[in-house]
Amino acid sequence: MKKVEAVIRREKLNNVRDALESIGVPSMNVIEVSGSGEQKEFKQQWRASEYSVHLIPRIRLETVVSDQNAEAVAHEILKAAWTGSVGDGIIFITPIEEVVRVRTGEKGEDAI
C-alpha cells in the first residue's frame, strides 16, 4: 500500500477530488495548511497598508491506495492541479506498512 499526499492550491481541490473519484478513489483526507516553497512571499494590501505574506495557504490531500494504483492517483492529481505557475504544489508517495479499519478490524488492503 502507498500513501499519496499532495499539497495543492485551494482553488484546485474540487478538480482534484473529481479526478480521483472518476478513477475510483472516493476516500481522502483534506487539511488546510500554510507553507513556503519555491513561491516566495507576496505583498497584500489592507486599509492602505501593505504587508508581506510568507506562508501561503494550501490544501494537503491524503489518500491510501494499493501499490499498483499509486502512480495513477499521482498522475490524476498532477493533471487536475496543474496551472503551469510556481506554487502548483507537490506530491509525495510513501509506503504504508499496515492499515487497520477501527470499526471492523479489517487489515491491509481490505481496510482501504
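Me: How do the residues of the lining of the second largest pocket divide into nonpolar, polar and charged?

Reply: They divide into 6 nonpolar, 3 polar and 3 charged, where Ala, Val, Leu, Ile, Met, Phe, Trp, Tyr, Cys and Pro count as nonpolar, Asp, Glu, Lys and Arg as charged, and the others, Gly among them, as polar. This is a predicted model, in which local features need pLDDT of at least 70 and side-chain atom pairs pLDDT 80 or more, while totals for chains, interfaces and linings use all residues. Residues are numbered from 1 along each chain as its sequence is written, and side-chain values use heavy atoms, with hydrogens and water left out.

Me: Which residues line the second largest pocket, and which strand gives the most to that lining?

Reply: The lining consists of Lys3, Ser27, Met28, Asn29, Glu62, Thr63, Val64, Val99, Val100, Arg101, Ala111 and Ile112, and strand 5 gives the most to it, with 3 residues. The volume of this pocket is about 240 Å³.

Me: What is the volume of the largest pocket, and which residues are closest to its centre?

Reply: The largest pocket has a volume of about 320 Å³, and of the 15 residues that line it, Ser36, Gly37, Glu38, Arg58 and Gly89 are the closest to its centre. Strand 2 (29-35), strand 5 (56-65) and strand 6 (89-95) are the elements that give two or more residues to this lining, and strand 2 gives the most, with 3 residues. By class, the lining has 5 nonpolar, 7 polar and 3 charged residues.

Me: How do you know that strand 5 is mostly covered?

Reply: Of its 10 residues, 7 are buried, a term that stands for under 20% relative accessible area, with exposed meaning over 50% and partly exposed in between (1.4 Å probe, protein chains only).

Me: What makes strand 5 a partner of strand 1 and of strand 2?

Reply: Two strands pair if DSSP finds at least two bridges between them; strand 1 (residues 2-8) and strand 5 have 7 bridges in the antiparallel sense, and strand 2 and strand 5 also pair in the antiparallel sense over 7 bridges, so both meet the condition. Lys2 stands opposite Val65 in strand 5, and Asn29 opposite Glu62 in strand 5.

Me: Why is Ile93 called partly exposed?

Reply: Ile93 is called partly exposed because its relative accessible area is 34%, which lies between the two limits, under 20% and over 50%. Ile93 has its place in strand 6, and, leaving aside its neighbours within four places in sequence, is in contact (heavy atoms within 4.5 Å) with Lys2, Lys3, Val4, Ala70, Glu71 and Ala74.

Notes:
1 Å grid on protein atoms, 1.4 Å probe; cavity = no way out; pocket = protein on both sides within 12 Å on 5 of 7 lines; lining within 4 Å. Points joined across faces, edges and corners; volume = space filled by probe spheres on them.
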